[in-house]
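Student: I've just opened this one and I'm new to it. Could you walk me through it slowly?

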Amino acid sequence: MRDKQRLLRTLIEDIVADIDDDTGEIVLVVHWKGGRHTELRVKKPKSSEHNARTSEEALGVIREMAGRWPDESIAACLNRMGMPTGQGKTWNAKRVSSIRRVNDIHGYPSADKDGPWRAMTEAAKELGVTNHVIRKLIKDGILPANQVVDGAPHQIRTADLHSDKVKDALARKGRPCRAGLDDQLSMFPSTYEGGA
């Protein structure tokens, strides 16, 4: 590195930088020792331009989720997926909101109790069960649910919550099946016949 610096100091007398407002360029004039000059023109970045940009993948997730989920849920999803902001930071609701405004992405309307979709927690509350029960119903294919991408919150259609399939599954929830077990041998046979 020092050799390169010494070589440049030996060859270059000075460098003059100027801005050409008409073309929007930065003009560098290199004055070489021996009287020669070289002009370099570089496009001047606009005040809003920089290399720290949100990835297209993260923007895609924000676009898909924005109309249905609040900014906090979008931020949590992006963080779970390991997608940093353009500046390499973790997401929060404020940063998601800022990206939405800059990219003209409409946000989540306030929760609509009569709306066609529910989040997992809202669905659990509506059915009077826990999130674990809802997750199991989804896993078992009883309750249809959508995810924008893996790791995103589930979107559950309100009509599906009240289907006969879901009602039947909840009716038998938590009750072990004991029918037809009279002839089954015990796993731990009694060794104390006739008392202790």
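Tutor: Let me begin with a definition: helices (H or I, at least four residues) and strands (E, at least two) are DSSP runs, numbered from the N terminus, and two strands pair if DSSP finds at least two bridges between them. This is a predicted model, in which local features need pLDDT of at least 70 and side-chain atom pairs count only at pLDDT 80 or more, while totals for chains, interfaces and linings use all residues. Residues are numbered from 1 along each chain as its sequence is written, and side-chain values use heavy atoms, with hydrogens and water left out.

Student: What's the order of the strands in the open sheet?

Tutor: The three strands are arranged as β1-β2-β3, with antiparallel pairing. Because β1 (12-20) and β3 (37-43) each have a single partner strand, they stand at the edges, and one side of each is left without a neighbour in the sheet. On average, neighbouring strands of this sheet are turned by 20 degrees against each other, direction ignored.

Student: And how many bridges join β1 to β2?

Tutor: Eight bridges join β1 to β2 (residues 25-32), and the two strands run antiparallel. A17 stands opposite L28 in β2, and D14 has H31 in β2 as its bridge partner. These strands form a hairpin with four residues between them, where G24 takes a positive phi near 70 degrees.

Student: What about the β2 and β3 side?

Tutor: β2 and β3 are paired in the antiparallel sense over seven bridges, and I26 has V42 in β3 as its bridge partner. They too form a hairpin, with four residues between them, and G34 in the turn has a positive phi of about 110 degrees.

Student: Which helix lies across β1 and β2?

Tutor: That is helix α1 (residues 2-11), which runs at about 80 degrees to β1. Such angles run from 0 to 180 degrees between N-to-C directions, and the axes are lines fitted to C-alpha atoms, for helices over the stretch in contact.

Student: Switching to α2, which of its residues are buried?

Tutor: In helix α2 (residues 56-66) the buried residues are A58, L59, V61, I62, M65 and A66, where buried means under 20% relative accessible area, exposed over 50% and partly exposed in between, using a 1.4 Å probe and protein chains only. They cover an arc of only 160 degrees around the axis, which puts them on the same side of α2; the arc is that of the directions from the helix axis to the C-beta atoms. E56, E57 and E64 are exposed on the other side of α2.

Student: What do those buried residues of α2 pack against?

Tutor: They pack against α3 and α4, with contact meaning heavy atoms within 4.5 Å.

Student: How do α3 and α4 sit against each other, then?

Tutor: The axes of α3 (residues 71-80) and α4 (residues 93-102) come within 8 Å and cross at roughly 100 degrees. The two helices are therefore roughly perpendicular to each other, given that angles under 35 degrees count as roughly parallel, over 145 as roughly antiparallel, 65 to 115 as roughly perpendicular and the rest as oblique. From α3, D71, E72, I74, A75 and L78 meet A93, V96, S97 and R100 of α4.

Student: Is T85, in the loop between them, buried or exposed?

Tutor: T85 is buried, with a relative accessible area of 8%. Leaving aside neighbours within four places in sequence, T85 is in contact with T90, W91 and R95.

Student: What's the phi of D104?

Tutor: D104 has a positive phi of about 55 degrees although it is not a glycine. Most residues other than glycine have a negative phi. D104 lies in the loop between α4 and β4 (117-118) and counts as exposed, at 63% relative accessibility.

Student: Last one: how do α5 and α6 cross?

Tutor: The axes of α5 (residues 120-127) and α6 (residues 131-139) come within 8 Å and cross at roughly 105 degrees, so α5 and α6 are roughly perpendicular to each other. M120, T121, A123, A124 and L127 of α5 make the contact with N131, I134, R135 and I138 of α6.
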